Amino acid sequence: MKIKKVAIIHGPNLNLLGQREPDHYGNLTLKDINNNLSVEASKLDLNIDLYQSNSESEIVNKIQSLKCDFIIINPAAYTHSSVAIRDALAAMKIPFIEVHISNVFSREDFRKKSFFSDIAIGVISGLGTEGYCAALNYVAKLNK
Ligand code: DQA
């Protein structure tokens with residue numbers, strides 16, 4: 001199957017990137033990250049749908065409404081708590097990559113548990129904001 005459309009979902013508090021704990025999350029804002037992704041997507045000939053929400057139910061509704069071939073998601077804090085978002089991804093059967101800006105395995109113990117990793121195609125954690133573009137490049141390679 002040719003992958004044309006990729007949804008990129010940013011979870012809670014990622015709207016604060018740039019000012020939020022830069023030691024963990026770097027200095028780029030969400031707008032910077034999304035701009036970088038848009039440039040990369042056009043080079044890779046992929047369409048992207050960019051979305052951020054702080055609300056679990058809104059993210060569930062968004063996933064249920066998606067018409068896309070692949071998802072790149074940073075569920076942020078919901079990584080460690082949300083059966084509802086996991087179930088939405090499982091129900092839609094759209095392959096996805098889980099991305100974390102920080103290395104969740106080098107932080108508090110509660111961040112080591114993910115409700116997503118076992119059903120993800122793969123997980124990128126700790127590559128900073130580059131992790132999103134790395135995921136997008138992986139997706140583009142599936143078309144080759
Ligand atoms: C995060 C890691 C999560 O533990 C945290 O709650 C976040 C961001 C990351 O990108 O490193 O909000 O997903």
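Reader: What is 2.8 Å from an N or O atom in the side chain of R111?
Author: That's an oxygen atom of the ligand. A polar contact here means a pair of N or O atoms within 3.5 Å; within protein, one must be able to donate a hydrogen and the other to accept it, and residues adjacent in sequence count only if both atoms are side-chain atoms.

Reader: And how much of the ligand does the protein bury?
Author: Taken alone, the ligand exposes 320 Å², and the protein buries 98% of that (Shrake-Rupley method, 1.4 Å probe).

Reader: Before I go on, what should I know about the model?
Author: It's a predicted model: local features need pLDDT of at least 70, side-chain atom pairs count only at pLDDT 80 or more, and totals for chains, interfaces and linings use all residues. Residues are numbered from 1 along each chain as its sequence is written, and side-chain values use heavy atoms, with hydrogens and water left out.

Reader: Ok, back to the ligand. Which residues surround it?
Author: R20, Y25, N74, A76, A77, H80, H100, I101, S102, V104 and R111 (each has a heavy atom within 4 Å of the ligand).

Reader: How far is a ligand oxygen from an N or O atom in the side chain of S102?
Author: 2.6 Å. For the side chain of H100, an N or O atom is 2.8 Å from an oxygen atom of the ligand.

Reader: What does S82 touch?
Author: E56, F115 and F116, not counting residues up to four places away in sequence (contact means heavy atoms within 4.5 Å). With E56, the S82 side chain makes a side-chain polar contact at 2.5 Å.

Reader: And S114, where does that lie?
Author: In the loop between β4 (96-100) and β5 (122-125). Strands are DSSP runs of E, at least two residues, and helices are runs of H or I, at least four, numbered from the N terminus. S114 counts as buried too, at 15% relative accessibility.

Reader: Which side chain does the S114 side chain make a polar contact with?
Author: That of E98, at 3.0 Å. A polar atom of the S114 side chain also lies 2.9 Å from the backbone nitrogen of F116.

Technical notes:
Buried < 20%, exposed > 50% of the residue type's maximum accessible area, 1.4 Å probe, protein only.
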